Amino acid sequence: MDRAALIAKFDRLLALRGDPVKGLPATEWATALETIPRDVLIRAAIEMIRTLVLPEWADRRKDDLRPQKALEAAEAWLASPTPEALKAVKSAAKDCTAARNETFGDGHRVPQAARHVAWTCGADSAEGIFDAIQSVEEELLARIALLSEY
């Protein structure tokens, strides 16, 4: 994809100014990024989660590695898309569902984002990637709201 065209799409997203709590809808992310190959989107989503939201999760929950394991399983599937790798990534996604449910209201969007990426591996649609992006954005907005209250 042409870099200038991609920057123009991001500028359009910036101008939309999504919901102050939830951010932009996943459909807007999908519209802007639909022409990018799925493997590139998965790698970008993994990096986004690791960089933007996972460090705080890791600091607060040192013994809970479920989101990290889901991202590692997704990377393993990207490197070798075998049935065994797909089974491992789906298992890690299920573990992230449990982590999300256990932490609902307190950082639950981190395992939720990792789960979305994991479910996208082997799926017919790339919509999970856009849901992951929305989850990261929502988590960051929640952190901003929490800090602004205190």
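User: Where is Arg 100 found?

Analyst: Arg 100 sits in helix 6, residues 83-102. Helices here are DSSP runs of H or I with at least four residues, strands are runs of E with at least two, and both are numbered from the N terminus. The model is predicted: local features need pLDDT of at least 70, side-chain atom pairs count only at pLDDT 80 or more, and totals for chains, interfaces and linings use all residues. Residues are numbered from 1 along each chain as its sequence is written, and side-chain values use heavy atoms, with hydrogens and water left out.

User: How do you know that Arg 100 has no salt bridge?

Analyst: A salt bridge needs a side-chain nitrogen of Lys or Arg within 4 Å of a carboxyl oxygen of Asp or Glu. For Arg 100, the nearest side chain of opposite charge is Glu 138, 8.0 Å away. Lys and Arg count as positive, Asp and Glu as negative; His and the chain ends are not counted. Buried means under 20% relative accessible area, exposed means over 50%, and partly exposed lies in between (1.4 Å probe, protein chains only).

User: Which residues does Arg 100 touch, beyond those up to four places away in sequence?

Analyst: Arg 100 touches His 108, Pro 111, Gln 112 and Arg 115. Contact means heavy atoms within 4.5 Å.

User: Why is Lys 94 called exposed?

Analyst: Lys 94 has 55% relative accessibility, so it counts as exposed. Lys 94 also lies in helix 6.

User: What makes Ile 46 buried?

Analyst: Its relative accessibility is 2%, so Ile 46 counts as buried. Ile 46 lies in helix 3. Leaving aside neighbours within four places in sequence, Ile 46 is in contact with Leu 71, Ala 74, Glu 75, Leu 78 and Val 117. Ile 46 and Glu 75 are 29 residues apart along the chain, and their C-alpha atoms are separated by 8.3 Å.

User: What makes a group of residues a nonpolar core?

Analyst: The members must be buried Ala, Val, Leu, Ile, Met, Phe, Trp, Tyr or Cys, joined through side-chain atoms within 4.5 Å. The largest such core has 40 residues. Leu 33, Ile 42, Val 117 and Phe 130 have the most contacts inside it. Helix 2 (26-33), helix 3 (38-52), helix 4 (54-60), helix 5 (66-79), helix 6, helix 7 (109-120) and helix 8 (127-149) each supply at least two residues of this core. In soluble globular proteins, nonpolar side chains tend to be buried together.

User: How many disulfides does the structure hold?

Analyst: It holds 0 disulfides. A disulfide would need a pair of cysteine sulfur atoms within 2.5 Å. Cys 96 is buried, at 0% relative accessible area. Cys 121 counts as buried, also at 0% relative accessibility.

User: What makes Arg 50 and Glu 75 a salt bridge?

Analyst: Their closest N and O atoms are 2.7 Å apart, so the pair meets the salt-bridge rule. Arg 50 lies in helix 3 and Glu 75 in helix 5, so the pair ties together parts that are 25 residues apart in sequence. Arg 50 is partly exposed at 28% relative accessible area. Glu 75 is partly exposed at 32%.

User: How do you know that Asp 106 and Arg 61 meet in a salt bridge?

Analyst: The N to O distance between their side chains is 3.1 Å. Asp 106 lies in the loop between helix 6 and helix 7, and Arg 61 in the loop between helix 4 and helix 5, so the pair ties together parts that are 45 residues apart in sequence. Asp 106 is partly exposed at 33%, while Arg 61 is buried at 14%. Salt bridges that share partners join Glu 56, Arg 60, Arg 61, Asp 106, Arg 109, Glu 138, Glu 139 and Arg 143 into one network.

User: How many salt bridges does the count come to?

Analyst: The count comes to 10 salt bridges. One of them links Asp 64 and Arg 66, with the closest N and O atoms 2.7 Å apart. Asp 64 is buried, at 13% relative accessible area.

User: How many helices and strands does the protein have?

Analyst: The protein has 8 helices and 0 strands. Of its 150 residues, 43% count as buried.
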